[in-house]
Structures are given as structure tokens and as C-alpha cells.
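Here's a quick briefing to read with the structure open beside you. Take a look at the fold first, then work through the notes below.

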Amino acid sequence: MWNAACMSFALCPLLTMGAVEALDRHGSEALKSFYLPRLVSGKWTATMNLTEPQSGSDLGGLTTRAERRDDGTYRLFGQKIFITYGEHDLSDNIVHLVLARLPDAPVGSRGISLFLVPKFLPDAEGNPGARNDLFCARLEHKLGIHAAPHSAP
């Protein structure tokens, strides 16, 4: 129904549903118990950050890198483009699923990992806290989908 009424608006919950499925199938129990209730309820939304300026749809050319920190988290470095609903104020937080490479990852698409990157770092109770380093550099125009915000974080 949403897709028939307004595909641009429907993309936000559609992307969130995709992230819910990915997290449910492949996330740790800790990530699932913390993030899934907020995403399923619609309190938070989610995106998928795949495309990069230099590689387009060729994921083997991905250059975003992830560096492990002493506390077990990762710091990501790189640029993504065409992130549908990557920046908005329709929810309390945006959870980005970001493709990146670890330093010792093999070349090509087999060396890619998926990272969960919230726009706001949540506190222990799940309230959005400090702003993460991830930011939207600009909103972009995406072919045929003019009512949805597309960003380049």
C-alpha cells in the first residue's frame, strides 16, 4: 500500500525492514536485543551504506576502512553516496549499516564486512546521546525518487 501511494516515503520503512532482517539473521544477541525493539517499533529508522563515489555499484572497489579500537568497537573512515533517508528528523535516531574493510581483509567483495553505525551514540537505556562522527555532507538528487532525502555521509 505504501509503495503504491508514495514510493519515496515508503523507502524509509522499507530500508528499516531490510536492516531489521539483516540484524536479526547476522547480528550478535547483544546488538539484536538493543537495536531490534527500537527499529521494529519505528522509534529509530535504518539505512544501508553501500555505494562509494569511486566504485559505484562495484563493491569490490570499496575503500571505506574499519579500524578496531581498544574497547572492541570500530572506527570507520571513508565516504558513501546515495544513502536514502541517510539524514532526516523523522525518528529519534538513524542506524546505518555500513560496508567497510578491515585492515587485513582480502581484496574484492569477499573482504567486506558490515558495521552498525548509529547517528547518535545511545546510552545504556537506549536514549540517543552524543552525535557520532558520521555526518551528512550534502543531500543529493536520486533519479526518479524526488521526495526522499538522499545523503552523502
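This is a predicted model: local features need pLDDT of at least 70, side-chain atom pairs count only at pLDDT 80 or more; totals for chains, interfaces and linings use all residues.

- The buried residues of H3 are Lys32, Phe34, Tyr35, Leu36, Arg38 and Leu39.
- Their cover includes helix H2 (7-26), along with strands S1 (44-49), S5 (93-101), S6 (112-118) and S7 (120-122).
- After H3 comes Gly42, which has a positive phi, near 85°.

**How H2 and H3 pack**
- The axes of H2 and H3 are 10 Å apart, and the two helices pack at an angle of about 160°.
- An angle over 145 degrees counts as roughly antiparallel, so that's what H2 is relative to H3.
- Their crossing is left-handed.
- On the H2 side, the residues that meet H3 are Thr16, Val20, Leu23 and Asp24; on the H3 side, they are Leu31, Lys32, Tyr35, Leu36, Leu39 and Val40.

**Thr47 in strand S1**
- Thr47 sits in strand S1, and with a relative accessible area of 0%, under the 20% cut-off, it is buried.
- The Thr47 side chain has a polar contact with the His96 side chain, at 2.7 Å.
- Setting aside neighbours within four places in sequence, Thr47 touches Ile83, Thr84, Tyr85 and Gly86, plus Ile94, Val95, His96 and Leu97.

Definitions and conventions:
Residues are numbered from 1 along each chain as its sequence is written. Side-chain values use heavy atoms; hydrogens and water are left out. Buried means under 20% relative accessible area, exposed over 50%, partly exposed in between (1.4 Å probe, protein chains only). Helices (H or I, at least four residues) and strands (E, at least two) are DSSP runs, numbered from the N terminus. Contact means heavy atoms within 4.5 Å. A polar contact is a pair of N or O atoms within 3.5 Å; within protein, one must be able to donate a hydrogen and the other to accept it, and residues adjacent in sequence count only if both atoms are side-chain atoms. Axes are lines fitted to C-alpha atoms, for helices over the stretch in contact, and angles run from 0 to 180 degrees between N-to-C directions. Angles under 35 degrees count as roughly parallel, over 145 as roughly antiparallel, 65 to 115 as roughly perpendicular and the rest as oblique. A crossing is left-handed if the near helix is turned anticlockwise from the far one by less than a right angle, and right-handed if clockwise.
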